[in-house]
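Here is a short briefing on a predicted model.

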Amino acid sequence: DNSSEFIPKCRTCRRQAREQSGEGDHHEGLSSDEELTPTEVNEFQKSRDNVLEDSRKIFEDVHADFCDIRKILLKFQEWKEKLPDSYCDAYISFCLPKLLNPLIRVQLIGWNPLEQNLTELEEMPWFRAIEEFSDAENVSESK
């Protein structure tokens, strides 16, 4: 089987080529196929910036009461407190994930779990709003 002999030879050739060209920033154990050129990094950053800029415009024409998760959940909480039978008959607990999904996804567009300065999901405003709503729902159910 020549494939096992081929891999070390390729690595040796690439290492020798890097040494001759003066590229000293390669980390052993990483494939040179995984390394991005500065041009690729710049293109990725520009593309990412464009996506983030476009995502800020998604809810520009939406009334503030309907693009803020906390405000939406407050309306549902009021509904549940005022008309509990109607709220229950509408199966709101099944509808909320579908309703909130687009709002959460927009907020997660720029989130990268691999970044060092990572904001944990539990610390994000939308997560806390849902957590508070769930706690309020559990309290009212226990009453």
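Leu73 touches Leu96, Leu100, Ala129, Ile130 and Phe133, leaving aside residues up to four places away in sequence. In this predicted model, Leu73 is also among the residues of the largest nonpolar core that touch the most other members.

**Nonpolar core**
- The largest nonpolar core holds 14 residues.
- Ile69, Leu73, Phe76, Tyr87, Leu96, Leu100 and Phe133 touch the most other members.
- Helices H3 (69-82), H5 (92-108) and H6 (125-142) each give two or more residues to this core.
- H5 supplies the largest share, five residues.
- In soluble globular proteins, nonpolar side chains tend to be buried together.

**Helix H5**
- Ile92, Leu96, Leu100, Leu103 and Ile104 are buried in H5.
- H5 has a kink of about 40 degrees at Asn101, shortly before the proline Pro102.
- The 17 residues of H5 should span 24 Å at 1.5 Å a residue, and the end C-alpha atoms are 24 Å apart, which agrees.

**Salt bridges**
- The count comes to two salt bridges.
- Arg70 pairs with Glu132, with the closest N and O atoms 2.5 Å apart.
- This pair links distant parts of the chain: Arg70 lies in helix H3 and Glu132 in helix H6, 62 residues apart.
- Arg70 is partly exposed at 35% relative accessible area, and Glu132 is partly exposed at 45%.
- Arg56 and Glu53 form a salt bridge at 3.0 Å, N to O.
- Arg56 and Glu53 are three residues apart in helix H2 (residues 38-56), so about one helical turn separates them.
- Arg56 counts as exposed at 55% relative accessibility, whereas Glu53 is partly exposed at 38%.

Technical notes:
Residues numbered from 1 in each chain as written. Predicted model: local features only at pLDDT ≥ 70, side-chain atom pairs only at ≥ 80, totals over all residues. Heavy atoms only, no water. Core = buried A, V, L, I, M, F, W, Y, C linked by side-chain atoms within 4.5 Å. Buried < 20%, exposed > 50% of the residue type's maximum accessible area, 1.4 Å probe, protein only. Helix = DSSP H or I, 4+ residues; strand = E, 2+ residues; numbered from the N terminus. Contact = heavy atoms within 4.5 Å. Expected span 1.5 Å × (residues − 1). Bend = angle between axes of the 7 residues up to and from the residue. Salt bridge = Lys/Arg side-chain N within 4 Å of Asp/Glu carboxyl O.
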